[in-house]
Amino acid sequence: MLAPGVAVLLGFVALVGNPWLDLDLALADSDSALRVATVLLSYPAWFVDIDQAGPFYFWFGNLRTALFVALAVVGLNKVSGWVSGTAGGKALFVTTAGATTLSAVVAGLASGFVTMVLVDDRSTLPYLNPGRPEEFFLVQLSSSAAFGVLFGSVLGAVVAAAKRREPEKRERPANAPKSLW
C-alpha cells in the first residue's frame, strides 16, 4: 500500500507538470515576490515535444521530474519506517518535508549533470555558460531546495493530517479462558 502523500505527489506532477495544461511559466520575473509560485509550477514540468522545449530542457525537465517522482515515492513509502509509530504528527511532517526536499535536490542536481554530459554543447548554451557551469548548478540547487521545502511542507501536512485521522491501534486485553475444572 502506498503512503498517503504519494497520491498527492503523483496528482500534483500529473496536473501541474502536464504539457497540455499550458500553465504560463512566466508568471513572474526572478525579482518578483511571485517567484515562489513560478518555482512551484515549473519544477515538475515534463514534455512530450522535443522541438517545443529544445533538446537540453526536454531531457533535463523530463529526467528531473522522473527522478524526483521515483525518489520521492521511495522516500514517502519509507517515512513510516523511519518514524516510530508513537511519534506525533510533527515528526511525520518534518520527515516527509525532509524526504521531499532531499528528493528534489538530488533530482535537480543529478539531472543537470547527466543532461550537461549527454546533450550537445550547442543546445546547452542558452542554459549553461561554458566558462561558469557552477552558476547553473547553484540555480538548480536553490530552486530544487525551494520547491522541496514548499511542496514537502504541503505533503507533510497531508501525511500528518492522515495520521491524525487514523484510529489508534490499541491492543485488546486478552481474556483468559475459564477453566473447565
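## Exercises: ring pairs and helix packing

Ring pairs link F47, F56, Y57, F60, F136 and F137 into a cluster. The model is predicted: local features need pLDDT of at least 70, side-chain atom pairs need 80 or more, and totals for chains, interfaces and linings use all residues. Numbering runs from 1 along each chain as its sequence is written, and side-chain values use heavy atoms, without hydrogens or water.

**Exercise 1.** Classify the pair F47 and Y57.

*Solution.* The whole structure holds 11 aromatic pairs. Rings of Phe, Tyr and Trp (its six-membered ring) pair with centres within 6.5 Å; planes under 30 degrees apart are stacked, over 60 edge-to-face, the rest tilted. The F47 and Y57 centres lie 5.2 Å apart and the planes meet at 55 degrees, so the pair is tilted.

**Exercise 2.** Determine how α1 runs relative to α4.

*Solution.* Take the axes as lines fitted to C-alpha atoms over the stretch in contact, with angles from 0 to 180 degrees between N-to-C directions. α1 (residues 4-16) and α4 pack at about 170 degrees, axes 9 Å apart. Angles under 35 degrees are roughly parallel, over 145 roughly antiparallel, 65 to 115 roughly perpendicular, the rest oblique. Therefore α1 is roughly antiparallel to α4.

**Exercise 3.** List the α1 residues that meet α4.

*Solution.* Contact means heavy atoms within 4.5 Å. In α1, G5, V6, L9, L10 and V13 meet α4 residues including F68 and L76.

Note on methods:
Helix = DSSP H or I, 4+ residues; strand = E, 2+ residues; numbered from the N terminus.
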